[in-house]
Amino acid sequence: MAAHRWLVALLASLALAGCATMSPRTPYSAADSIRASPLPHEQVRLWATGDDAAYGRWRRSLLADRAAHGLASPRTLLALSGGSDKGAFGAGVLTAWTRAGNRPAFDIVTGVSTGALIAPFAFLGPDEDSTLTEIYTGISSKDIYRKRFLSGLLGGPSLLDSKPLAALIARHVTPAFLDRIAAQHRRGRRLLVMTTQLDAQRGVIWDMGAIAASSSPRRLTLFRKVLLASASIPGVFPPVLIDATVDGHEISEMHVDGGAIAGFFSLPSAMIESATPGSRPNAAIYLVYNGVFAPDFALVKPRTFSIISQALSTVLGELDRNNAGNLQAVAAQHHVPFYLCALAPTEVNRKAPLFDRANMRALYAIGERRVRSDGCLQHPIAR
């Protein structure tokens, strides 16, 4: 999401901090948030940081599933960033990659925001390319949101209504779709999506394959809600309340866009080191960045909104570049190739309305060209 859109959400939230129209929520504590579970007795999520024991259990389960199918530790990881309608770029990259004939069946796929929406289709492979193309070149803003500026400004939870996006997710994420993801999960592949638990101010990484493979009647609803939450920019789209159980009591956690924590994510360094050792043939880490990765020069107008917007864009961009640099350093240390595909500043039409169909088709074509002509997936980034 462009920085000025985050700015709208931030300023609206600050101005209306004392107002609310959402139903009252059952109070719960920080300690409750640690013990709460959306699917009791099933490990379907992890804190993004600070939970080494849980990651150890998750890793052992992953390796056990792979060993049961005669597979070694994971070798390929695909990280899909946020970027709102610029997810069309990532969709174009993936479909062109299929046509190039060298697209891996990724062992681990991660996604944030629009990357989270792409991730399940990327995880299931080339059979879903036509669906990705349909979504990212055939939709428009009416398929994503409805405006409700007045209610938002009078104390509602957001400026836009995301019910159309929820309906779009529900149309494609069916029980049969989940069954296909569950089958791949049981074979030792992993699909991960990040949200931000706003109450706790922490990132949450959801094991979407574990949710899909669950026998819980909540699995479909939870899977859909996580995808919606990961793409719900705070203040712009309403937060998503996810039910969880703690000590036999139901609570509702408030989740928003994973991009509030980071534009993309991979795995803790220790897991990358063990999951993708350099001795493994064809090991690689791929980052498809649905936005402009390099610093983007623009002459800033001496106006409040312009200054704050450019400053926020600078902060978020620098955070992503630092995270990518750290990931690249870990990959280089273990002789794992690191690949990056991103948009160039000159390829972004800043005047295009959000989710403009013509603009998304142009971004999709750029993604195709990046693979076909520029070879961003053929030449690893040197450190």
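## Terms and basis of the model

Buried is used here for residues under 20% relative accessible area, with exposed meaning over 50% and partly exposed in between, for a 1.4 Å probe and protein chains only. Helices (H or I, at least four residues) and strands (E, at least two) are DSSP runs, numbered from the N terminus. The model is predicted, so that local features need pLDDT of at least 70 and side-chain atom pairs count only at pLDDT 80 or more, while totals for chains, interfaces and linings use all residues. Residues are numbered from 1 along each chain as its sequence is written, and side-chain values use heavy atoms, with hydrogens and water left out.

## Overall architecture

The protein has 14 helices and eleven strands, and 54% of its 383 residues count as buried. Taking contact to mean heavy atoms within 4.5 Å, 77% of the contacts between residues at least 6 apart in sequence join residues at least 24 apart.

Helix α4 covers residues 87–100, and its 14 residues should span 20 Å at 1.5 Å a residue, which agrees with the 20 Å between its end C-alpha atoms; the expected span is 1.5 Å times one less than the number of residues. Eleven of the 14 residues of α4 are buried, so this helix is largely enclosed by the rest of the structure. Among them are Gly87, Phe89, Gly90, Leu94 and Trp97. The buried residues of α4 pack against strands β2 (76–80), β10 (284–292) and β11 (338–343), and against helices α5 (114–124), α6 (129–138) and α14 (357–372). Just after α4, Gly101 takes a positive phi of about 85°.

Asn290 lies in strand β10 and, at 1% relative accessibility, counts as buried. A polar atom of the Asn290 side chain lies 3.0 Å from the backbone nitrogen of Gly90. Not counting residues up to four places away in sequence, Asn290 touches Ser81, Gly82, Gly83, Lys86, Gly87, Phe89, Gly90, Thr114 and Ile118.

Ser81 lies in the loop between β2 and α4 and counts as buried at 0% relative accessibility. Leaving aside neighbours within four places in sequence, the residues in contact with Ser81 include Val112, Thr114, Gly263, Phe264, Val288 and Asn290.

Axes are lines fitted to C-alpha atoms, for helices over the stretch in contact, with angles running from 0 to 180 degrees between N-to-C directions. The axes of α9 (residues 175–186) and α11 (residues 219–230) come within 10 Å and cross at roughly 85°. These two helices are therefore roughly perpendicular to each other, given that angles under 35 degrees count as roughly parallel, over 145 as roughly antiparallel, 65 to 115 as roughly perpendicular and the rest as oblique. In this contact, Pro175, Leu178, Asp179 and Ile181 of α9 meet Arg219, Leu220 and Phe223 of α11.

## Packing of α6 against α14

Helices α6 and α14 pack at an angle of about 135°, with their axes 7 Å apart, which makes α6 oblique to α14. Here Thr133, Tyr136, Thr137 and Gly138 of α6 meet Arg357, Met360, Arg361 and Tyr364 of α14.

Notes. A polar contact is a pair of N or O atoms within 3.5 Å; within protein, one must be able to donate a hydrogen and the other to accept it, and residues adjacent in sequence count only if both atoms are side-chain atoms.
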